Amino acid sequence: MLDSREMWKGGLLVVVALLGLVLLGSGCARHKVPLAADSKGPAPKPVSLPQAVPIAGALRLGAPPTIARASMIMPPAYPAEGRDSYKAAEENGFLRPLDAPLSTFGVDVDTASYANVRRYLEAGDLPPADAVRVEEMINYFRYAYPRPADGRPFAVSVAVHPCPWKPEHLLARVALAAKEVDLSRRPPANLVFLIDVSGSMMDEDKLPLLKRGMKLLAESLTPEDTVGIVTYAGTAGVALEAAPGSEKTRITAAIDALNAGGSTNGEGGIRLAYAMARRRLVKDGINRVLLATDGDFNVGVTGNDELERIIAEEAKSGVFLTVLGFGRGNLQDDKLEALADRGNGQYAYVDSFNEARRVMLEQASGTLLTVAKDVKIQVEFNPARVGAYRLIGYENRLLAAEDFNDDRKDAGEIGAGHTVTALYEIAPPGADAARPKVDPLKYGETPPEQAPPDAARQSDELMTIKLRHKAPDAAESVRAEDIPVAGAVSDAPDGDFQFAAAVAAFGMILGQSDFAGNADMDLVARLARAGRGDDPDGARSEFISLAENARALLPAKAPKGE
């Protein structure tokens, strides 16, 4: 038998062991280090522990570090999941031209949703339905649409084919392609990075990933370009006054000095960054603030409405905005998308080094040279040829019919080389989608359905496309020539049409659309392979792999009749 001393030692060892487990669990929760893999899901990726608590704020070269308020306090622990925020948007339904003949929206060249969805799928998870914005997924890819040849900022083309997921319907593609810029003649770029260095940005897929991408951008700058860096945490500070692109060593040193820690004061940083950009404004050049964050604004002005007002006011200076989102578990996607919209800019999500390279090198390739702003599209449907129509995506970009001619109403921007794709699903007259959803009248017969006017019946046109846009520095819009679209269907869809349809079906499935018809991942893969083409950057092949991942994660469909 054990004597009392041995029993005492044994009890002490148990207490010490339990205390160690408690401390280890606390540390792992704080630093997101997994104790064990979940047998029901993919093994968590290991994350190295920070060696020290970094000092928040900006570091000026040759000067002492600027220490933000509360910068010496250990930053709070952020959960791996649960704080992501997405805006719920009601999906566009079918509308009858007899009731709503006009469909109006602002263009969108954001790409954040696709990269974010890709991150979920590559981690073995299905994305939240609200994270799926179909138009951003389609417009992530570039298409070989005809470019303008007459000095206009963009060209428009239209194609109509049977709808792959509902063959009795048509699928109409409205495509815009902006003019391209000769990189050897690109105008100077005045870029100011506004970087979130708060505690939530210390994870490897946030600030460290951003810094790697920024170094790629620095290498691509010309001597005529300038780049500045403003940081914000508890307070805002200047990490790099506008430096010419020739001073790459100085720029790289400022990037290396960035560290994360503290709370987040976004408002102060926004004002400081725009002030720096205005001081170096380049007439007819690229003037842009690039906001990089996971979206947390927990000090100062935090309300979405107030932040959007500040951004919209700053955008009047002629400085456009790019928003770069990072990380999971703390991503305020709804806030970042709204800020980009109000700032005359684009929103991209960076989920990997490859995406950082793509996004950052675009900043110096001319695509951030805005060629047209407040670009609006209005489609008028012929009620004699169209029973009902549905715009796929663009729920956050819808405009009232009267907004098309109102220059006070903001819309989307197009940069040099960008392409924009919008898809409409069209039901023929008499189809179920075209029948009015009205209960029988209690006090009399339901009135007969209104007949299309004579002008509609006499025309073989399916619809007419109308466009408006402003020059980058103009306050008044220009109306493009209307484009009538015949009802006849082209012989066969081209590869770009099939690929865009594949991405649309993919987005509708993941977004749990009520209008996906017979779409499944087999159809998505089949369309995508038919439209893959040369695929020089491998993006379309990657998409096919994502469709395979999604097929494995989606629940199996029950056989018909069950």
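View 1. A pocket is an open set of points on a 1 Å grid over the protein atoms alone, with protein on both sides within 12 Å along at least five of seven lines, and lining residues have an atom within 4 Å of a point. Grid points are joined across faces, edges and corners, and a volume is the space filled by probe spheres set on the points. The lining counts 33 residues, and Gly-318, Phe-320, Asn-344, Lys-373 and Pro-472 are the closest to the pocket centre. Strand 7 (286–293), helix 7 (304–315) and strand 10 (370–381) are the elements giving two or more residues to this lining. Strand 10 contributes the most, 4 residues. Helices (H or I, at least four residues) and strands (E, at least two) are DSSP runs numbered from the N terminus. By class, the pocket lining has 13 nonpolar, 6 polar and 14 charged residues. Ala, Val, Leu, Ile, Met, Phe, Trp, Tyr, Cys and Pro count as nonpolar, Asp, Glu, Lys and Arg as charged, and the others, Gly among them, as polar.

**View 2. The largest cavity.** The structure holds 2 cavities of 30 Å³ or more; a cavity is a set of grid points where a 1.4 Å probe fits but cannot get out. About 150 Å³ of space lies in the largest one. Its lining has 15 residues, with Thr-111, Gln-346, Ala-348, Glu-362 and His-418 nearest the centre. Two or more lining residues come from each of strand 8 (320–326), strand 9 (346–350) and helix 9 (353–363). Helix 9 gives the most, with 4 residues. The classes are 6 nonpolar, 6 polar and 3 charged residues.

**View 3. The second largest cavity.** This cavity contains about 40 Å³ of space. Phe-193, Met-214, Leu-217, Ala-218, Leu-221, Val-227, Ile-229, Ile-251 and Ile-255 line the second largest cavity. Helix 4 (207–220), strand 5 (226–232) and helix 5 (248–256) each supply at least two of the lining residues, and helix 4 has the largest share, 3 residues. The lining has 9 nonpolar residues, no polar and no charged ones.

**View 4. Helix 2 against helix 13.** Helix 2 (residues 112–122) packs on helix 13 (residues 539–553) at an angle of about 50°, with the axes 10 Å apart. Helix 2 is therefore oblique to helix 13. Axes are lines fitted to C-alpha atoms, for helices over the stretch in contact, and angles run from 0 to 180 degrees between N-to-C directions. Angles under 35 degrees count as roughly parallel, over 145 as roughly antiparallel, 65 to 115 as roughly perpendicular and the rest as oblique. The crossing is left-handed, that is, the near helix is turned anticlockwise from the far one by less than a right angle. From helix 2, Tyr-114, Arg-118, Leu-121 and Glu-122 meet residues of helix 13 including Phe-543 and Leu-546; contact means heavy atoms within 4.5 Å. By class, this contact has 7 nonpolar, 1 polar and 3 charged residues.

**View 5. Helix 11 against helix 12.** The axes of helix 11 (residues 495–510) and helix 12 (residues 521–530) come within 7 Å and cross at roughly 155°. The two helices are therefore roughly antiparallel to each other. Their crossing is left-handed. Residues in this contact include Phe-499 and Phe-506 in helix 11 and Met-521 and Leu-527 in helix 12. The contact has 12 nonpolar, 2 polar and no charged residues.

**Notes.** Residues are numbered from 1 along each chain as its sequence is written. In this predicted model, local features need pLDDT of at least 70 and side-chain atom pairs count only at pLDDT 80 or more, while totals for chains, interfaces and linings use all residues, and side-chain values use heavy atoms, with hydrogens and water left out.
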